[in-house]
Amino acid sequence: MNRAVVQLQNVDKVYANGVVALRHLDLEVAEGEFLSLLGPSGCGKSTVLRLVAGLGEVSAGRIEWAGGNGRAGLPQGEIGFVFQEPTLMPWATVFKNVLLPLKLRGVAPDEAASRVREAIAMVGLEGFERAYPRELSGGMKMRVSIARALVTHPRLLLLDEPFASLDEITRFKLDNDLLTLWASQRWTVVFVTHSVYESVYLSTRIAVMTARPGRTAGDVAIEAPAPRDETFRTSPLYNDYCRLVSARLAEATRA
Amino acid sequence: MSSMPSVEPERAASAADVRGIGAERPTRSPRWLDLGWAVRRALPPVVIGLAGLVAWELVVRLNQIPYYILPGPLLVGKTLVRDWGTLYPSLLVTLAITGAALLVATVAGVLISILFTQSKLVELSLFPYAVILQVTPIVAIAPLIIIWVRNIPVALLICAWLVAFFPIVSNTTLGLNSADHNLLNLMQLYGASRRQIFWYLRLPSAMPYFLGGLRISGGLALIGAVVAEFVAGTGGAQSGLAYRILESGYTMQIPRMFAALLMITASGIFIFLALTALSHLALRKWHESAVTREG
């Protein structure tokens, strides 16, 4: 296994209202992998992602980031986050939305502009730089959100059920585009989902989580060749993995 | 950085998305430039207004009501033209106080809102007093202010300001606190400072709320100015429209009273339309309230 990008050891998370979201959670994210966190809704998957992003403190246990340089050992600027909703500024154009992380960091305007154009091109939105979010479809807004996460050249990309609210056709397209980007850029990805099919299709490894309070119940490595495409979706191998992961998920939810 | 290894699926995807929004995208000709639409929209209220004026004139003539009880609209119109030399300078005085009060209310209101959002404690401590200022009738405290402040225009300004500032404070405070939670998280993730969060997120989020408050305050500033003028009752060169109304009442020049009233109403309508246009210009690109939809 490659070296760990981030490690969570025996992590508990209790919210102020008394809800125990996570209990004794261990998770290690290896460099370059595409890891999916799979679990029933409300199991704390999003909580894990937020902790990894440094949005919130653990109640017990520890998180360690490799190469941390910022507050609390967090690698500032090395993490990209894509929320469940596109979360765009409605008053700003596509260009300015993608520019935001660079502007916050004080990157020089010329360099920032070329990086923004590059990120917009990566998600296939050339020509929409000056459009406002309300003029875009759901899938396009999500692309803008992904471009914004990519513009800082993150080492670790965190995606919180990013395609959950999209129709299946758009979701398949975005799945494929995400895989293509991942193959070319080799980031480390942590992808939160409640879809067995999506996690098997995308991941190199799936961490199955229990119902709340969440912890990891087991790992499934998906050893399917890259690049994956639509033929993989209908292959017997894919079906076998789906069956295996579904069984694991059922066990974890029951236990 | 390397570009996409296989560009084709990406292209196909975005092309399909593009077709999806092509239909949604409005053709950008503002609706108010469409003459037919404007006429259809304006015609009903204009017809009602004209009918009302005709009825008024008829009632006055048929019942032979004397002009010092109720002048007909034609007489009011004539008086407006004849007394323009007296009324117009008064209009300017009233509008100057209204404008200045609205300006001060905007600046002070926004600054107070920003202060409120800096800490919950400040807001909890001060907001009740803003409410007290708002609910105390201006007619009741105007005499005090006029006694305390010797300079009459300044006293009038303070009265008008007291009436006008509350909607701006309460709306802008609400707006500054309404920033999208996920966007706040995102800003934190990228290490944004408090100042950056304020400028890039809170302030734009508050814009529609602020403009809504401003529209209410514009009308209130005029009402505040007129009420304060009534209480002050000043004469001489610096007299506003309210004084002209008082004066006309004393001297039984009822048509002139109506003419001054007409000017105040017209000013209020003008202020409302101007602020509505400003709000539309500021929000037309992105906010639901200002976006023209087709179909």
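Which strands of chain A does helix H8 (residues 236–254) lie across? In this predicted model, helix H8 of chain A lies across S3, S8 and S9 of that chain, and runs at about 175° to S9(A).

In chain A, 6 strands form an open sheet with mixed pairing, and their order is S5-S6-S7-S3-S8-S9. Strand S5 (79–82) and strand S9 (216–221) of chain A stand at the edges, and because each has a single partner strand, one side of each is left without a neighbour in the sheet. From one strand to the next, the twist averages 15°. Within this sheet, strand S3 (residues 34–38) of chain A runs parallel to strand S8 (residues 205–209) of chain A, and 4 bridges join the two; A:Leu35, for its part, stands opposite A:Arg205 in S8(A).

The crossing in which H6(B) passes H9(B) is right-handed. On the side of H6(B), the contact is made by B:Ile138, B:Val139, B:Ala142, B:Pro143 and B:Ile146, while H9(B) contributes B:Gly224, B:Val227, B:Ala228, B:Val231 and B:Ala232. Sorted by class, the residues in the contact of H6(B) with H9(B) are 9 nonpolar and 1 polar, with no charged residues.

Definitions and conventions: Residues numbered from 1 in each chain as written. Chains lettered and ligands numbered in written order. Predicted model: local features only at pLDDT ≥ 70, side-chain atom pairs only at ≥ 80, totals over all residues. Left-handed = near helix turned anticlockwise from the far one by under 90°. Contact = placed C-beta atoms within 7 Å. Nonpolar A, V, L, I, M, F, W, Y, C, P; charged D, E, K, R; others polar. Pairing = 2+ DSSP bridges. Axes fitted to C-alpha atoms, helices over the stretch in contact; angles between N-to-C directions.
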